[in-house]
Amino acid sequence: MFLDKFRVDGKVALITGGTRGIGLSIAHALGESGAKLVLVNRTDPVGGVQELKDAGYDVSFFEADLLDRSVPQKTIDYTLEKHGRIDILVNNAGVAQHGDTAEFNDDLLDKIMDLNVDAVFRMCRSALIPMKKQGEGVILNIGSISGLVSNIPQPQTAYNASKAAVHMMTKSLASDYADQNIRVNAIAPGYIRTEMTNLPKENEHWYPTWNELTPMNRMAEPYEVASAALFLCSPASSYVTGEVLVVDGGYTTR
(Lines give C-alpha, C1' and ligand atoms only; values in the text may rest on other atoms or scores of the structure.)
Protein backbone atom coordinates (compact mmCIF):
# COMPACT_ATOMS: atom_id res chain seq x y z
CA MET A 1 0.00 0.00 0.00
CA PHE A 2 2.58 2.56 1.06
CA LEU A 3 5.00 1.87 -1.79
CA ASP A 4 2.16 2.43 -4.25
CA LYS A 5 1.86 5.99 -2.96
CA PHE A 6 5.24 6.73 -4.53
CA ARG A 7 4.00 5.75 -7.99
CA VAL A 8 3.19 8.45 -10.55
CA ASP A 9 2.03 6.16 -13.34
CA GLY A 10 0.78 8.05 -16.38
CA LYS A 11 1.49 11.46 -14.86
CA VAL A 12 3.14 14.04 -17.13
CA ALA A 13 6.22 15.62 -15.55
CA LEU A 14 7.94 18.68 -17.01
CA ILE A 15 11.48 19.18 -15.69
CA THR A 16 13.59 22.24 -16.47
CA GLY A 17 17.34 21.70 -16.52
CA GLY A 18 16.54 18.01 -16.68
CA THR A 19 19.38 16.73 -18.86
CA ARG A 20 22.11 16.58 -16.20
CA GLY A 21 22.89 16.74 -12.51
CA ILE A 22 20.01 16.94 -10.05
CA GLY A 23 17.46 17.43 -12.83
CA LEU A 24 18.52 14.25 -14.62
CA SER A 25 18.36 12.25 -11.39
CA ILE A 26 14.87 13.59 -10.70
CA ALA A 27 13.88 12.57 -14.22
CA HIS A 28 15.15 9.04 -13.53
CA ALA A 29 13.20 8.86 -10.27
CA LEU A 30 9.96 10.06 -11.83
CA GLY A 31 10.44 7.93 -14.94
CA GLU A 32 11.10 4.80 -12.90
CA SER A 33 7.90 5.53 -10.97
CA GLY A 34 5.86 5.70 -14.18
CA ALA A 35 5.80 9.33 -15.26
CA LYS A 36 5.95 10.57 -18.84
CA LEU A 37 8.86 13.01 -19.02
CA VAL A 38 9.30 16.33 -20.80
CA LEU A 39 12.77 17.79 -20.36
CA VAL A 40 13.61 21.43 -21.05
CA ASN A 41 17.15 22.69 -21.45
CA ARG A 42 19.31 24.77 -23.76
CA THR A 43 21.37 21.73 -24.71
CA ASP A 44 21.86 18.10 -23.81
CA PRO A 45 25.66 18.02 -23.38
CA VAL A 46 25.88 14.69 -21.59
CA GLY A 47 23.25 12.78 -23.53
CA GLY A 48 20.78 12.73 -20.66
CA VAL A 49 17.75 12.36 -22.92
CA GLN A 50 19.16 9.26 -24.59
CA GLU A 51 20.16 7.88 -21.19
CA LEU A 52 16.54 8.16 -20.06
CA LYS A 53 15.25 6.62 -23.29
CA ASP A 54 17.69 3.74 -22.90
CA ALA A 55 16.21 3.17 -19.44
CA GLY A 56 12.85 2.65 -21.12
CA TYR A 57 11.12 5.86 -20.09
CA ASP A 58 8.70 7.94 -22.18
CA VAL A 59 10.85 11.04 -22.81
CA SER A 60 10.49 14.20 -24.88
CA PHE A 61 13.02 17.01 -25.15
CA PHE A 62 12.21 20.68 -25.69
CA GLU A 63 15.38 22.61 -26.52
CA ALA A 64 15.03 26.21 -25.33
CA ASP A 65 16.61 28.94 -23.24
CA LEU A 66 14.52 29.89 -20.22
CA LEU A 67 16.08 33.36 -20.25
CA ASP A 68 13.78 34.00 -23.22
CA ARG A 69 10.58 35.31 -21.64
CA SER A 70 8.40 33.51 -24.17
CA VAL A 71 9.89 30.07 -23.48
CA PRO A 72 8.02 29.13 -20.27
CA GLN A 73 4.65 29.41 -22.01
CA LYS A 74 6.02 27.64 -25.07
CA THR A 75 7.18 24.70 -22.96
CA ILE A 76 3.76 24.37 -21.35
CA ASP A 77 2.07 24.61 -24.76
CA TYR A 78 4.42 21.91 -26.10
CA THR A 79 3.64 19.64 -23.16
CA LEU A 80 -0.12 20.12 -23.53
CA GLU A 81 0.04 19.52 -27.26
CA LYS A 82 1.98 16.31 -26.78
CA HIS A 83 0.28 14.87 -23.71
CA GLY A 84 -2.90 16.86 -23.16
CA ARG A 85 -2.05 17.77 -19.59
CA ILE A 86 0.71 18.63 -17.14
CA ASP A 87 0.64 17.01 -13.73
CA ILE A 88 4.08 17.77 -12.31
CA LEU A 89 6.33 20.77 -12.86
CA VAL A 90 9.88 20.62 -11.52
CA ASN A 91 11.68 23.96 -11.69
CA ASN A 92 15.26 22.77 -11.49
CA ALA A 93 17.12 25.00 -13.97
CA GLY A 94 19.33 27.55 -12.28
CA VAL A 95 22.73 29.18 -12.19
CA ALA A 96 25.20 29.76 -9.35
CA GLN A 97 27.69 32.59 -9.69
CA HIS A 98 30.08 33.81 -7.05
CA GLY A 99 31.63 37.23 -6.67
CA ASP A 100 32.26 40.08 -4.26
CA THR A 101 29.11 42.22 -4.09
CA ALA A 102 31.04 45.47 -4.31
CA GLU A 103 32.39 44.39 -7.71
CA PHE A 104 29.37 42.44 -8.99
CA ASN A 105 28.23 43.65 -12.42
CA ASP A 106 24.64 44.15 -13.50
CA ASP A 107 24.76 41.66 -16.37
CA LEU A 108 25.64 38.83 -13.99
CA LEU A 109 23.05 40.00 -11.47
CA ASP A 110 20.39 40.02 -14.19
CA LYS A 111 21.35 36.53 -15.37
CA ILE A 112 21.04 35.07 -11.86
CA MET A 113 17.71 36.72 -11.11
CA ASP A 114 16.27 36.10 -14.59
CA LEU A 115 16.92 32.35 -14.48
CA ASN A 116 16.66 31.56 -10.77
CA VAL A 117 13.63 33.72 -9.98
CA ASP A 118 11.85 35.23 -12.99
CA ALA A 119 11.89 32.08 -15.13
CA VAL A 120 10.60 30.04 -12.18
CA PHE A 121 7.77 32.52 -11.68
CA ARG A 122 6.85 32.37 -15.37
CA MET A 123 6.95 28.58 -15.45
CA CYS A 124 4.65 28.42 -12.44
CA ARG A 125 2.32 31.04 -13.91
CA SER A 126 1.98 29.14 -17.18
CA ALA A 127 1.55 25.74 -15.52
CA LEU A 128 -1.11 26.92 -13.09
CA ILE A 129 -3.67 27.55 -15.83
CA PRO A 130 -3.93 23.93 -17.04
CA MET A 131 -3.50 22.60 -13.51
CA LYS A 132 -6.49 24.65 -12.36
CA LYS A 133 -8.55 23.27 -15.24
CA GLN A 134 -7.51 19.72 -14.34
CA GLY A 135 -8.35 20.31 -10.72
CA GLU A 136 -4.96 19.10 -9.54
CA GLY A 137 -1.22 19.54 -9.96
CA VAL A 138 2.16 19.48 -8.27
CA ILE A 139 4.93 22.06 -8.50
CA LEU A 140 8.38 21.40 -7.08
CA ASN A 141 10.93 24.21 -7.00
CA ILE A 142 14.61 23.56 -6.40
CA GLY A 143 15.88 26.12 -3.94
CA SER A 144 19.07 25.84 -1.88
CA ILE A 145 20.43 25.99 1.62
CA SER A 146 21.85 29.26 0.33
CA GLY A 147 18.32 30.62 0.60
CA LEU A 148 18.35 29.80 4.31
CA VAL A 149 21.90 30.53 5.48
CA SER A 150 24.85 32.58 4.29
CA ASN A 151 27.14 29.66 3.58
CA ILE A 152 30.89 30.16 3.29
CA PRO A 153 33.58 30.66 2.08
CA GLN A 154 32.22 31.65 -1.34
CA PRO A 155 30.83 35.20 -1.71
CA GLN A 156 27.40 34.82 -3.33
CA THR A 157 24.93 37.42 -2.12
CA ALA A 158 22.97 37.51 -5.38
CA TYR A 159 22.63 33.73 -5.57
CA ASN A 160 21.57 33.52 -1.93
CA ALA A 161 18.93 36.19 -2.48
CA SER A 162 17.60 34.42 -5.58
CA LYS A 163 17.11 31.14 -3.74
CA ALA A 164 15.46 32.85 -0.77
CA ALA A 165 13.02 34.31 -3.31
CA VAL A 166 12.28 30.82 -4.64
CA HIS A 167 11.45 29.62 -1.14
CA MET A 168 9.06 32.50 -0.51
CA MET A 169 7.50 32.06 -3.95
CA THR A 170 6.89 28.42 -3.06
CA LYS A 171 5.12 29.24 0.18
CA SER A 172 3.00 31.97 -1.40
CA LEU A 173 1.87 29.76 -4.28
CA ALA A 174 1.10 26.91 -1.89
CA SER A 175 -1.11 29.18 0.17
CA ASP A 176 -2.88 30.63 -2.87
CA TYR A 177 -3.68 27.34 -4.63
CA ALA A 178 -4.08 24.74 -1.90
CA ASP A 179 -7.87 24.94 -2.14
CA GLN A 180 -7.60 24.03 -5.84
CA ASN A 181 -5.71 20.81 -5.12
CA ILE A 182 -2.40 22.19 -6.38
CA ARG A 183 0.52 21.46 -4.10
CA VAL A 184 3.70 23.54 -4.23
CA ASN A 185 6.87 22.58 -2.38
CA ALA A 186 10.61 23.15 -2.63
CA ILE A 187 13.80 21.29 -1.90
CA ALA A 188 16.80 23.12 -0.45
CA PRO A 189 19.84 20.99 -1.35
CA GLY A 190 23.17 21.39 0.34
CA TYR A 191 26.38 20.59 -1.50
CA ILE A 192 25.64 18.05 -4.22
CA ARG A 193 28.25 16.47 -6.46
CA THR A 194 27.27 17.99 -9.84
CA GLU A 195 28.80 20.14 -12.53
CA MET A 196 27.69 23.20 -10.53
CA THR A 197 29.97 22.21 -7.63
CA ASN A 198 32.86 21.16 -9.86
CA LEU A 199 35.16 23.98 -8.82
CA PRO A 200 37.98 25.47 -10.88
CA LYS A 201 41.44 24.79 -9.49
CA GLU A 202 41.75 28.21 -7.87
CA ASN A 203 38.68 27.52 -5.72
CA GLU A 204 39.29 23.88 -4.81
CA HIS A 205 40.30 24.98 -1.32
CA TRP A 206 36.56 25.53 -0.66
CA TYR A 207 35.88 21.78 -0.57
CA PRO A 208 37.40 21.11 2.89
CA THR A 209 35.36 23.97 4.37
CA TRP A 210 32.15 22.65 2.84
CA ASN A 211 32.77 19.17 4.23
CA GLU A 212 33.89 20.38 7.65
CA LEU A 213 30.69 22.43 8.04
CA THR A 214 28.53 19.48 7.00
CA PRO A 215 27.95 17.09 9.92
CA MET A 216 27.88 14.10 7.55
CA ASN A 217 31.28 15.34 6.32
CA ARG A 218 30.62 14.76 2.62
CA MET A 219 28.83 16.06 -0.44
CA ALA A 220 25.68 14.30 -1.61
CA GLU A 221 25.04 12.46 -4.83
CA PRO A 222 22.22 13.74 -7.08
CA TYR A 223 20.05 10.67 -6.43
CA GLU A 224 19.86 11.68 -2.76
CA VAL A 225 17.97 14.79 -3.82
CA ALA A 226 15.92 12.89 -6.41
CA SER A 227 14.55 10.55 -3.72
CA ALA A 228 13.19 13.56 -1.83
CA ALA A 229 11.81 14.98 -5.07
CA LEU A 230 9.91 11.77 -5.80
CA PHE A 231 8.29 11.97 -2.37
CA LEU A 232 7.16 15.57 -2.92
CA CYS A 233 5.90 14.89 -6.45
CA SER A 234 3.98 11.73 -5.57
CA PRO A 235 0.79 10.96 -3.65
CA ALA A 236 3.03 9.95 -0.73
CA SER A 237 3.14 13.66 0.17
CA SER A 238 -0.53 14.37 -0.50
CA TYR A 239 -0.89 16.47 2.68
CA VAL A 240 2.37 18.38 2.24
CA THR A 241 2.39 21.83 0.68
CA GLY A 242 4.31 25.04 1.23
CA GLU A 243 7.32 23.19 2.63
CA VAL A 244 11.02 23.68 1.94
CA LEU A 245 12.58 20.27 2.49
CA VAL A 246 16.25 20.61 3.38
CA VAL A 247 18.57 17.90 2.03
CA ASP A 248 21.99 19.00 3.28
CA GLY A 249 23.66 16.33 5.42
CA GLY A 250 22.95 18.46 8.48
CA TYR A 251 24.68 21.64 7.26
CA THR A 252 21.95 24.00 8.45
CA THR A 253 21.84 22.41 11.92
CA ARG A 254 25.02 24.25 12.91
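Angles under 35 degrees count as roughly parallel, over 145 as roughly antiparallel, 65 to 115 as roughly perpendicular and the rest as oblique. Keep that scale in mind for the helix pairs below. The model is predicted: local features need pLDDT of at least 70, side-chain atom pairs count only at pLDDT 80 or more, and totals for chains, interfaces and linings use all residues. Residues are numbered from 1 along each chain as its sequence is written, and side-chain values use heavy atoms, with hydrogens and water left out.

Start with the whole chain. It has 7 helices and 7 strands. Helices (H or I, at least four residues) and strands (E, at least two) are DSSP runs, numbered from the N terminus. Along the sequence the pattern reads β-α-β-α-β-α-β-α-β-α-β-α-α-β. The radius of gyration is 17 Å, close to the 18 Å that the globule rule gives for 254 residues, so the chain is as compact as a globular protein of that length. That radius is taken over C-alpha atoms, and the rule is 2.2 Å times the number of residues to the power 0.38. The C-alpha atoms fill a box of roughly 50 × 40 × 40 Å along the principal axes.

Of the 254 residues, 50% count as buried. Buried means under 20% relative accessible area, exposed over 50%, and partly exposed in between (1.4 Å probe, protein chains only). Among contacts between residues at least 6 apart in sequence, 71% join residues at least 24 apart. Contact means heavy atoms within 4.5 Å.

Now the helix pairs. Two packed helices are described by the angle between their axes and the distance between the axes. Axes are lines fitted to C-alpha atoms, for helices over the stretch in contact, and angles run from 0 to 180 degrees between N-to-C directions.

Take α4 (residues 106-134) and α5 (residues 157-177). They pack at about 15°, with axes 9 Å apart. The two helices are therefore roughly parallel to each other. α4 passes α5 in a right-handed crossing. A crossing is left-handed if the near helix is turned anticlockwise from the far one by less than a right angle, and right-handed if clockwise. Residues of α4 in this contact include Leu109, Phe121 and Lys132; on α5 they include Tyr159, Met169 and Tyr177. By class, the contact has 16 nonpolar, 2 polar and 2 charged residues. Ala, Val, Leu, Ile, Met, Phe, Trp, Tyr, Cys and Pro count as nonpolar, Asp, Glu, Lys and Arg as charged, and the others, Gly among them, as polar.

Helix α5 also holds Thr170. Thr170 is buried, at 0% relative accessible area. Leaving out residues up to four places away in sequence, Thr170 touches Asn141, Val184, Asn185, Ala186 and Glu243.

Helix α4 has another partner, α3 (residues 71-83). This pair packs at about 35°, with axes 8 Å apart. α3 passes α4 in a right-handed crossing. Among the contact residues are Ile76 and Leu80 of α3 and Met123 and Pro130 of α4.

Next come α1 (residues 21-32) and α7 (residues 222-233). They pack at about 50°, with axes 8 Å apart. That makes α1 oblique to α7. The contact includes Ile22 and Leu30 of α1 and Tyr223 and Ala226 of α7. It divides into 11 nonpolar, 2 polar and no charged residues.

Finally, look at Gly10, in the segment before β1 (12-16). Gly10 is partly exposed, at 40% relative accessibility. Gly10 and Ala226 are 216 residues apart in sequence and 19 Å apart in space, C-alpha to C-alpha.
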